[in-house]
Amino acid sequence: MDLTLADFVLFVVLGSFALVPFFAVISRTLHNRVEKRSLANRVICRLCLHAFEDTSHVRTVDCPVCGATNEKGRSRKLG
Ligand SMILES: [Zn+2]
């Protein structure tokens with residue numbers, strides 16, 4: 001097998017074109033995972049609509065702004 005410089009360049013170019021969607025999928029997957037995790041901890045206050053994150057495992061959390069008790073996992077999806 002004789003690999004000329006042109007063949008090598010073509011191979012590298014085609015290879016990088018093939019890698020672009022591969023890395024795009026990987027980065028999108030990682031991004032989605034991070035976003036999902038933060039969404040699971042996101043609480044939106046039912047009174048003042050203040051959005052905050054709570055990583056504790058209790059069922060209800062108090063809003064840091066108005067002090068209202070919010071049930072986790074039932075917050076409305078805003079965007
Ligand atoms: Zn509040």
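Helix α1, covering residues 5-40, has 36 residues and reaches 52 Å from its first C-alpha to its last, which is close to the 52 Å expected at 1.5 Å a residue. The model described here is a predicted one, and the protein in it has 1 helix and 4 strands.

**Burial and contacts**

- Of the 79 residues that make up the protein, 5% count as buried.
- Helix α1 is hardly covered, since the count of buried residues among its 36 residues is 0.
- Among contacts in the protein that link residues at least 6 apart in sequence, 20% join residues at least 24 apart.

**L49, a residue with positive phi**

- L49 is found in the loop between β1, which spans residues 42-44, and β2, which spans residues 51-53.
- The phi of L49 is near 60°, a positive value in a residue other than glycine.
- Most residues other than glycine have a negative phi.
- L49 has 13 other C-beta atoms within 10 Å and is therefore partly exposed, because a residue counts as exposed with 12 or fewer such neighbours and as buried with 20 or more.

**R46 and its surroundings**

- R46 also lies in the loop between β1 and β2.
- R46 counts as partly exposed because it has 15 C-beta neighbours inside 10 Å, a count that falls between the limits of 12 or fewer for an exposed residue and 20 or more for a buried one.
- When residues up to four places away in sequence are not counted, R46 touches A68 and N70.
- The C-alpha atoms of R46 and E71 are separated by 9.0 Å, although these two residues stand 25 residues apart along the chain.

Notes: Residues are numbered from 1 along each chain as its sequence is written. This is a predicted model: local features need pLDDT of at least 70, side-chain atom pairs count only at pLDDT 80 or more; totals for chains, interfaces and linings use all residues. Helices (H or I, at least four residues) and strands (E, at least two) are DSSP runs, numbered from the N terminus. The expected span of a helix is 1.5 Å times one less than its number of residues. Two residues are in contact if their C-beta atoms, placed from the backbone, lie within 7 Å.
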